[in-house]
Structure formats: C-alpha cells, structure tokens
Amino acid sequence: MSWFSRSNSEQSPAATRQDRQKCWESRDQYFECLDSAGVLTAGEEGTACTKSKFQYEKSCAKSWIDYFNKRRVLAEKQKDMLAQSQLQSQEANRKL
C-alpha cells in the first residue's frame, strides 16, 4: 500500500511525485462530480459520487483531504465575496 494508508503511529515516507499526481487527479474528479451534483461541501452528496469519493480517499492522505475539502468551500465563499465587492464598486461608480 502507499504512504497514504499507514497508521498515525508509523512514520510515513514522503509522497512521491506519482502519489501526489494521483491524489490531485482523484481530487479533481471527485470535485467535478460534486459540481455536477450541485454540491459544495464534500460529504453532503449522498450516493451521487461514491466511486470518485472512494478513489479520492484511497489516493490522498487524510490531512490532504481535510485541507482540499476546506479549501473548496473557502474558495467558493471568496468567489462570492469578490462578486459582491465588484457589484458594490460598480454601484458606487454609477452614483458618482
């Protein structure tokens, strides 16, 4: 098994380039499935993305999964805030 599957008590070797690439690819596939299901927060998709979620969890370290899932939600919130900011800026410029 890869370094991702070791228990916390064992020292894990560094991820290889291939391990990282496989993780990123499985993450991208899972997130694409979530997007197509209209789900923002990972884990709330029910059975819609079971296969891609399994591969994602198999290919990535738990700490990476936690980071990627939190980053996905944060990025969406940032996108919404940026859109609101741009709208407010346009409205302020119209009043001038």
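Biologist: Why are H1 and H3 called oblique to each other?
Modeller: Their axes come within 12 Å and cross at roughly 40 degrees. Angles under 35 degrees count as roughly parallel, over 145 as roughly antiparallel, 65 to 115 as roughly perpendicular, and the rest as oblique. The H1 and H3 angle falls among the rest, so oblique it is. Axes here are lines fitted to C-alpha atoms, for helices over the stretch in contact, and angles run from 0 to 180 degrees between N-to-C directions.

Biologist: Fine, but what am I looking at, and how is it numbered?
Modeller: This is a predicted model, with residues numbered from 1 along each chain as its sequence is written: local features need pLDDT of at least 70, side-chain atom pairs count only at pLDDT 80 or more, and totals for chains, interfaces and linings use all residues. Side-chain values use heavy atoms, with hydrogens and water left out.

Biologist: How many helices and strands are there in the protein?
Modeller: Three helices and zero strands, running α-α-α from the N terminus on. Helices (H or I, at least four residues) and strands (E, at least two) are DSSP runs, numbered from the N terminus.

Biologist: What makes H1 and H2 roughly antiparallel?
Modeller: They pack at an angle of about 155 degrees, with their axes 8 Å apart. That angle is on the antiparallel side of the cut-off, so H1 and H2 are roughly antiparallel to each other.

Biologist: And which hand does each crossing have, H1 with H2 and H1 with H3?
Modeller: H1 passes H2 in a left-handed crossing, while H1 passes H3 in a right-handed one. The rule is that a crossing is left-handed if the near helix is turned anticlockwise from the far one by less than a right angle, and right-handed if clockwise.

Biologist: Which residues meet between H1 and H3?
Modeller: On the H1 side, Arg20, Cys23, Trp24, Arg27, Phe31, Leu34 and Asp35; on the H3 side, Trp64, Phe68, Asn69 and Arg72. Contact means heavy atoms within 4.5 Å. For H1 with H2, the residues that meet include Cys23, Ser26, Tyr30 and Phe31 in H1, and Gln55 and Tyr56 in H2.

Biologist: Why is tyrosine 56 called buried?
Modeller: Tyrosine 56 has a relative accessible area of 1%, so it counts as buried. Buried means under 20% relative accessible area, exposed over 50%, partly exposed in between (1.4 Å probe, protein chains only). Tyrosine 56 lies in helix H2 (residues 50-59). Leaving aside residues up to four places away in sequence, tyrosine 56 touches Ser26, Arg27, Tyr30, Phe31, Ile65, Phe68 and Asn69.

Biologist: What makes asparagine 69 buried?
Modeller: Asparagine 69 has a relative accessible area of 19%, and that value is under the cut-off, so it is buried. Asparagine 69 sits in helix H3 and touches Phe31, Ala42 and Tyr56, not counting residues up to four places away in sequence.

Biologist: How do you know that glutamate 32 is exposed?
Modeller: Glutamate 32, in helix H1, has a relative accessible area of 53%, which puts it over the exposed cut-off. Glutamate 32 and serine 52 are 20 residues apart in sequence and 9.4 Å apart in space, C-alpha to C-alpha.

Biologist: Which residues make up the largest nonpolar core?
Modeller: There are 11 residues in all: Cys23, Tyr30, Phe31, Cys33, Leu34, Val39, Cys49, Tyr56, Cys60, Ile65 and Phe68. The elements giving two or more residues to this core are helix H1 (17-37) and helix H3 (62-95), and H1 gives the most, with five. A nonpolar core is a set of buried Ala, Val, Leu, Ile, Met, Phe, Trp, Tyr and Cys residues joined through side-chain atoms within 4.5 Å.

Biologist: How much of the protein counts as buried?
Modeller: Of its 96 residues, 25%.
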